Amino acid sequence: MKLSIQVNEGPFQHQASDTAYFFTKAALDAGHEIFRVFFYHDGVQNGTRYTTPPQDDRNVVNRWSELAEAHKLDLVICVAAAQRRGIVDEGEQERNGKDGNNIADGFRISGLGQLIEAGIQSDRLVVFGD
Amino acid sequence: MTMLHTVNKSPFEKDSLNSCLRLSKDGSSIILIEDGIYAALEGTVISDSVKDAMKTKKVYALQDDINARGVKGKVMDGVELVDYAGFVTLVTEHDNVQSWV
Amino acid sequence: MSTTKKFLYVNRRAPYGTIYAWESLEVILIGAAFEQDVALAFVDDGVYQLTKGHDTAGIGMKNFSPTYAALGDFEVNKIYIEKESLEARGLTLDDLQHLVWEDEDEDWAEKDSIKVVTSAELADLMGEQDVVLSF
């Protein structure tokens, strides 16, 4: 099956991103296709490369980046939510006159249409939030 | 169509489980995840309402969330424990899925 | 041929205390361009999103409530409000915005977008959806 996932909360604050990660991994292990993982609301915070979690705890951001690389996942961060919360890629940095960018590997910033498209193109869309 | 409902908040913190029970059809399934697993436990003020729901709906709980919270021995009879692979299977085996956050 | 799916947006939270109400509207507005079969459900505190007379000046937030009135122009006209949620909060339809849409098939006749439904009716509707977005 073709599955998409929506993540509505940021790393560490809520378990949503963790559960979404393990769900996504299990789906891949079972041979399903992940069409897209879409990060909305505070979920966009999963896409900053500047987190430094304690060494003895999981690295939520890196875990997503590594899964994306291993399985060529499409991790999409909503542009409007990202602008509000300061998740920036090179394009947004230039467009909005910021002095840097912070997007993590494997993530890309795009519009809400990508979420709707995921709903249309996938067999199931599962939401993880609070 | 048979729906899978996910509930991730504790029934003592939020009304999400209540709303899910009220708005899920007979024959649908509910999977308790994250803090939602507390609804699967015996001996709480809401255990009876969950037992009642189990007469017409299948209730599952994510084993790893139960283990994490140290309440393994308190899960009610009738609640089926699944792992993440089982969670994925439930999603694919049901026609649609709704998350009660 | 493009696919048409039934999309249901479920709103269960009050406005302003959190951003979910506003950001869900943003999805609904963008989603309107995709010509899917869209419905909105307002349940629990979500019914508070539609009350009349929001005045946000004192809390320094944008009053986004006029956006609900524009939904009809985006062909988002199936708006379901759970009766039990309204009653639990001592609200009636009179407390809420009157949302309408114009039916071009009937000479642009103005029609109500809002339907108050019972829990059982809403459960049936939810069960029929292809995609349910929860915020």
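One caveat before we start: what you're looking at is a predicted model.

Let's begin where chain A meets chain B. The axes of H1(A) and helix H4 (residues 84–93) of chain B come within 8 Å and cross at roughly 75 degrees. That angle falls in the 65 to 115 band, so H1(A) and H4(B) are roughly perpendicular to each other. On the H1(A) side, the residues making this contact are Phe22(A), Phe23(A), Ala26(A), Ala27(A) and Asp29(A). H4(B) answers with Tyr84(B), Ala85(B), Phe87(B) and Val88(B). Sort the residues by class and you get 8 nonpolar, no polar and 1 charged.

Step back to the whole A–B contact, and you'll find 16 residues from chain A and 11 residues from chain B. Within the side of chain A that touches chain B, H1 and strand E5 (124–128) of chain A each supply at least two residues. The largest share of that side, 6 residues, comes from H1(A). Its class make-up is 9 nonpolar, 4 polar and 3 charged residues.

Now follow H1(A) to its partner within its own chain. H1 (residues 16–29) and helix H2 (residues 60–71) of chain A have axes that come within 11 Å and cross at roughly 20 degrees. Because angles under 35 degrees count as roughly parallel, H1(A) is roughly parallel to H2(A). The crossing of H1(A) with H2(A) is left-handed. H1(A) brings Ser17(A), Asp18(A), Tyr21(A), Thr24(A), Lys25(A) and Leu28(A) to the contact, while H2(A) brings Val60(A), Arg63(A), Trp64(A), Leu67(A) and His71(A). The class count for this contact reads 5 nonpolar, 3 polar and 3 charged residues.

What about the other neighbour, chain C? Here 16 residues of chain C are in contact with 15 residues of chain A. H1 and E7 of chain C each supply at least two residues of the side of chain C that touches chain A, and H1(C) gives the most, with 6 residues. By class, that side of chain C has 9 nonpolar, 4 polar and 3 charged residues.

The buried residues of H5(A) are Leu115(A), Ile116(A), Ala118(A), Gly119(A) and Ile120(A). They pack against strand E1 (2–7), strand E2 (33–39) and E5 of chain A, together with E1, H1 and E7 of chain C.

Which residue ties these chains together in one spot? Val127(A) sits in strand E5 of chain A. With 26 other C-beta atoms within 10 Å, Val127(A) is buried. Arg69(B) lies in the loop between helix H3 (63–68) and strand E4 (80–82) of chain B, and is partly exposed, with 15 other C-beta atoms within 10 Å. The C-alpha atoms of Arg69(B) and Glu34(B) are separated by 9.2 Å, although the two are 35 residues apart along the chain. In chain C, Glu75(C) has a positive phi of about 60 degrees although it is not a glycine. Glu75(C) is in the loop between H2 and strand E3 (79–82) of chain C, and counts as partly exposed, with 14 C-beta neighbours inside 10 Å. Trp108(C) also has a positive phi, near 60 degrees. Trp108(C) is in the loop between strand E4 (100–103) and strand E5 (109–112) of chain C, and with 9 C-beta neighbours inside 10 Å, Trp108(C) counts as exposed.

Methods:
Residues numbered from 1 in each chain as written. Chains lettered and ligands numbered in written order. Predicted model: local features only at pLDDT ≥ 70, side-chain atom pairs only at ≥ 80, totals over all residues. Axes fitted to C-alpha atoms, helices over the stretch in contact; angles between N-to-C directions. Helix = DSSP H or I, 4+ residues; strand = E, 2+ residues; numbered from the N terminus. Parallel < 35°, antiparallel > 145°, perpendicular 65-115°, else oblique. Left-handed = near helix turned anticlockwise from the far one by under 90°. Contact = placed C-beta atoms within 7 Å. Nonpolar A, V, L, I, M, F, W, Y, C, P; charged D, E, K, R; others polar. Buried ≥ 20, exposed ≤ 12 C-beta atoms within 10 Å, placed from the backbone.
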